[in-house]
Amino acid sequence: MRLSKMLFVTLRDDPADAEIPSHKLLLRAGYIRRIGSGIYAYLPLMWRVLQKVSQIVREEMNATNAQECLLPQLQPAELWKESGRWDTYTKAEGIMFSLIDRREQQLGLGPTHEEIITTVARDMIRSYRQLPLHLYQIQTKFRDEIRPRFGLMRGREFIMKDGYSFHVDEVSLKETYQDMYQAYSNMLRRSGLAFRAVEADSGAIGGSGSTEFMVLADAGEDEVLYTEDGKYAANVEKAVSLASDAETSPFTSYEKRETPGTETIEKVCNFLKCSPTQIVKNVLYQTVYDNGITVLVLVNIRGDQEVNEVKLQNELTKLAANYGAKAIISLDVPNGEMQETWAAKSLPLGYIAPDIEDEYISANKQFHSQFVRLVDQTTVELKNFVTGANEAGYHVVGANWNEQFKLPELVVDIRKAKPGDRAVHDPSQTLQTARGIEVGHIFQLGTKYSQAMSARYTNEQGEENPLFMGCYGVGVSRLAQSAVEQSYDKDGIIWPVAIAPYHAIVTIPNIKDAKQLEVAEKLYTELNKAGVETLLDDRDERAGVKFKDADLIGIPYRIVTGRAINNGKVEIVKRANRETQEIAIEEVVNTLQQWIKTAIEG
């Protein structure tokens, strides 16, 4: 492609609404154009990158015998109501675009396709002989993000590969899950990206196990905790660890003490001269279930630890059936306005004890009449601890479980793991931290959707059983931008060779020089004919402008038909490290073919 004929406009300055480097660079280099909030046009250079990423994804999926299909983007609400996710996606998380058509039917634009594929399976799979089956698609998805940001990282319309597998049992599911783990690792490796596979929370998708594939980058939204031995890595939402040992309590007998102005852990420690590891912190939460019932939650956790609200939400979701519900709509630390709706009397905030009475909850059918009491594992073994006294300005010291306070029945792990914690698999290893961009996520769904939507198969004995399912997603457009976030410099993008829009760009410093023009045209034709995807910068611009644009758009190899042609050579600049070589014109094609092969095959 000749740049003079291409839709190619670069910007000198960073766009005002772009926050992270990759977003700024993709806009400046003319890869994307903002159309609306979270909505972007993929311009010709970007579309070539997306096609290359898609092809790598497609090849790795096909290698596992997965079958490509295309599912509808417009989805009937009744299917989502069958699975129990309609309210979660349209109200709780609120990320589904929903609409009413002219027939007064509710529809949604697909943020994901579990319900659709389960419907297909329900209608078409009859026998164990048809299993396992794995279908995938590469398609545009729609999510009504509360705050679209970072360009293609968190847009409202994006390209995604999502795949779904069906099995007779969990053993078969785990085999495909492992195949996908390898396939996703291959996709990212072939795309030239540094990444880490981490344990993850399944979120609204559901299921038992899940793994995220994180492209490592400083601007990543997710924190990854890992060990140097390579045996453990997890998203901070999912991570587990061993907390530091609690210090010995300075208190040997139980008593109530006046502690004025000590609403925080730090103030309590300073006043009582004790360690936060010897304090039982009591944190109030308010959760609303999908049937409208509000439940008040009291979490007991060690004073030096923080509550992991994703883990907490998972524990409360397990309890949903106790309240006639299926899912959680919201989870909050209740502010003053929220407390007014349910508190029968003023709460001793900052001084709450583990045994705060249920009578603080006013009688109202919309509110469960008792606190749900959860105790974190870090708190269970504490002796002679400090905690609130249910009276403003007072704490108790020297307290013990099942003496002064009954130990709650629900003992859970809801603490937030943090860097420096000891690893569970090997306490000599400590957790390290890195930032990552989630580009892929694979799930073992089990029978969550098949049970809810009656998708069954008949086994060898003629018995009907629910299908076991897996779900596997990779963000194609997100992966492309994450490559930029991982690799750029002050002058622009540095694309990995495998997914760069073009392998090479032939730059003519002076298009009025007949010799430069002749050599450039010759190389441009020969390179493309040899399979080296090549741009020709034949614009009537100054050489400096052309060099800057080549750096900005990140083409891996720049071939300059400058003064060296007088010696039968051209200058080749490697974008990744700025290494410059003069190479004989007749050797350029073979040289670039070899470099590209080496770069792609590693």
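Q: Is Lys-311 buried, partly exposed or exposed?
A: Buried means under 20% relative accessible area, exposed over 50%, and partly exposed in between (1.4 Å probe, protein chains only). Lys-311 has a relative accessible area of 8%, so Lys-311 is buried. This is a predicted model, where local features need pLDDT of at least 70, side-chain atom pairs count only at pLDDT 80 or more, and totals for chains, interfaces and linings use all residues. Residues are numbered from 1 along each chain as its sequence is written, and side-chain values use heavy atoms, with hydrogens and water left out.

Q: Which side chain meets Lys-311 in a salt bridge?
A: A salt bridge is a side-chain nitrogen of Lys or Arg within 4 Å of a carboxyl oxygen of Asp or Glu. Here the N to O distance is 3.4 Å, and the partner of Lys-311 is Asp-413.

Q: How many residues apart are Asp-413 and Lys-311?
A: Helices (H or I, at least four residues) and strands (E, at least two) are DSSP runs, numbered from the N terminus. Asp-413 sits in the loop between strand E20 (410-412) and strand E21 (432-446), and Lys-311 in helix H8. The pair links distant parts of the chain, and the separation is 102 residues.

Q: What is the relative accessible area of Asp-538, which pairs with Arg-2?
A: The side chains of Asp-538 and Arg-2 meet in a salt bridge at 3.9 Å, N to O. Arg-2 is partly exposed at 26% relative accessibility. Asp-538 is buried, and its relative accessible area is 16%.

Q: How many salt bridges does a search of the whole structure find?
A: One of them joins Glu-170 and Lys-174, with the closest N and O atoms 3.8 Å apart. The search of the whole structure gives a total of 46.
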